[in-house]
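Keep the viewer open as you read.

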Amino acid sequence: MLQFNVALGSGILFTYPEISTIAGVQGLIVYALSSALPLLVFGFLGPIIRRKCPEGFVLTEWTRQRYGAITALYLSLLTLITLFLYMVAELSALQQIINALTGLNGLWAVIVQCIVTTIYTSLGGFRISFITDNIQGAMVVGLLILGVIVVGVETHIDKSLVQSSDLLGASLLGWQLIYILPVAILTNDFFISGFWLRTFASKTDKDLLVGTSIATVAVAIILTLVGTTGLLAAWTGAWPGDPPQAGSIAFFLLLEQLPAWVVGIVVVMTVSLSTAAFDSLQSAMVSTGSNDLFRNKLNLWWIRLAVVLMIFPVAVVALKSPSVLQIYLISDLISASSIPVLVVGLSSKCYWWRGFEVIAGGLGGLLTVFIFGTIYYGNAQEGARLMLLEQSLYVDDWSAFGKHVLPITVLYGTDRNKGAFVAAPLGGLLWGCGAFALRVGLQWAVARARGQRFDAFNRPPTGPSLYLGTTERASDDEDREPVASAKSPSNTGRLL
């Protein structure tokens, strides 16, 4: 249930119905599975990382152990940026939904949610977030079941619109999304500290695998049901309407045909989803800031105060939602270029992979997007615009093959954005390999010039755990609580 809540937010009421109106059933299934299946990665990779970093509680702690402090700070910066953007999106979605459903000013709902979640997460930390997630998750499931029953009874489909809508057939975009969405969502999930907090907090590996499996099934079902409202809106004539409306509001157009009390249910479900997601993001930002930036040496209340102060710019940016979607895509692009070169170090056979390759690969992936855009368009300015993903997905070319995430409104703009999401991960890996060759070459030259032994391919010594002086993590039969503080390790990983 915990992983389930982090994976959902009120923004799903915009994005999944919209993909249904654009890519039909094929796009909806791909999007739902692409959002749900990456949760299983935490069930399989989580035990590996927990064994390598027994007392960690966020991914950046393993990164510090494996690649060194500089690489960990680099990843921490990307993580905090991603968390900030997700908080912005959550508040923006909540405001728009309250405005659309009630006609009231959604700003007040945003303010109340920020105050309430800040208070209880500050007092109880991420443990209280775990408790509220279970309560809110149960509410969402109950309300969703009730909503499905109501929609099934009250919605009347026009069969002539089903065939004319072309939403049942396959499309080029639907096939493209099979690559676009998994790459973007999976890599971006690595930056969500809330997933890692719950991964490390699992008492046993079996609990973790069972939890992520249940969450995967639940998330896939819920997202598919929510996305189906876009299909129903098209097949009942509620969408596109007259004048034509954007697919992002298909869910709300369908609601207009349902009894008024259904709107109340949706409002409660929205607030529950938004609160569950937002408090997890706040807890994740506190944990990441405290551990990664200050090594838990700064009083936790100063970190929580910083997060409280961060709420103000988050709320301000959320009120300017039209630009948020573009920022989301930039976040996806960063993760697509950075995560592939990072996870190479999970293999013990790649012990020679260093932090230098991770940083060079991540930055090089973004540079590759610029080079790709410049060559594709023959214009450096257009190459730079491709890095910023300024075009939304309605242009017929292949330059963007490979992009995603929450904001489906931007997801279908230009195909050049799809090319960016091929260039980013592949370019990142190529730049990482180039950085590896450069580092090894320089180390060999220096060793030869100084008459020293060349040791770039020597296996690192297997030292004790960074925290407790042990090499084994708790067995699956022992209870394991997440560690909220850590000693500064003396044997961190190497940048070079």
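**A walk through the model**

Start with Arg453, which sits in the segment after α18 (416-450). Keep in mind that everything here comes from a predicted model. Is Arg453 buried or exposed? With a relative accessibility of 62%, Arg453 counts as exposed, because the cut-off for that label is over 50%. If you set aside the neighbours within four places in sequence, Arg453 touches Ala447 and Asn458.

Now zoom out. The protein has 18 helices and two strands. Of its 496 residues, 56% are buried. Take the contacts with a separation of 6 or more: residues 24 or more positions apart account for 77% of them.

Pick α3 (residues 38-52) and look for α10 (residues 205-235): the two axes come within 7 Å and cross at roughly 160°. That makes α3 roughly antiparallel to α10, since the label applies to angles over 145 degrees. The crossing of these two, α3 and α10, is right-handed. On the α3 side, the contact includes Leu39, Leu40, Phe42, Gly43 and Phe44, while α10 brings in residues including Asp205, Leu208, Leu209 and Thr212.

A second pair is made by α4 (residues 59-67) and α5 (residues 69-102), which pack with their axes 7 Å apart at an angle of about 155°. So α4 and α5 are roughly antiparallel to each other as well, and their crossing is right-handed. If you want to select the contact, take Leu59, Thr60, Thr63, Arg64 and Tyr67 in α4, then look across to α5 for residues including Ala69, Thr71, Ala72 and Leu73.

On to the rings. How many aromatic pairs does a search of the whole structure find? It turns up 15. One of the pairs joins Phe42 and Phe195, with 5.0 Å centre to centre and 35° between the planes, which puts it in the tilted class. Phe42 belongs to helix α3 and Phe195 to helix α9 (residues 193-201), so this pair ties together parts that are 153 residues apart in sequence. Both Phe42 and Phe195 are buried. Elsewhere, Trp352, Trp353, Phe436, Phe454 and Phe457 form one aromatic cluster.

What about the cysteines? There are zero disulfides in the structure. Take Cys350: the closest cysteine sulfur belongs to Cys433 and is 9.6 Å away, which is too far for a bond, because a disulfide needs the two sulfurs within 2.5 Å. Cys350 is buried, with a relative accessible area of 16%. Cys53 is buried too, at 0% relative accessibility.

Finally, have a look at the backbone. Most residues other than glycine have a negative phi, and most peptide bonds are trans. Against that background, two spots deserve a click. Asp166 has a phi near 60°, a positive value in a residue that is not glycine. You'll find Asp166 in the loop between α7 (159-164) and α8 (172-189), where it is exposed with a relative accessible area of 63%. The other spot is the peptide bond from Trp239 to Pro240, which is cis, with omega near 10°. Pro240 is in the loop between α10 and α11 (250-255).

Note on methods. Residues are numbered from 1 along each chain as its sequence is written. This is a predicted model: local features need pLDDT of at least 70, side-chain atom pairs count only at pLDDT 80 or more; totals for chains, interfaces and linings use all residues. Side-chain values use heavy atoms; hydrogens and water are left out. Buried means under 20% relative accessible area, exposed over 50%, partly exposed in between (1.4 Å probe, protein chains only). Rings of Phe, Tyr and Trp (its six-membered ring) pair if their centres lie within 6.5 Å; planes under 30 degrees apart count as stacked, over 60 as edge-to-face and the rest as tilted. Helices (H or I, at least four residues) and strands (E, at least two) are DSSP runs, numbered from the N terminus. Axes are lines fitted to C-alpha atoms, for helices over the stretch in contact, and angles run from 0 to 180 degrees between N-to-C directions. Angles under 35 degrees count as roughly parallel, over 145 as roughly antiparallel, 65 to 115 as roughly perpendicular and the rest as oblique. A crossing is left-handed if the near helix is turned anticlockwise from the far one by less than a right angle, and right-handed if clockwise. Contact means heavy atoms within 4.5 Å.
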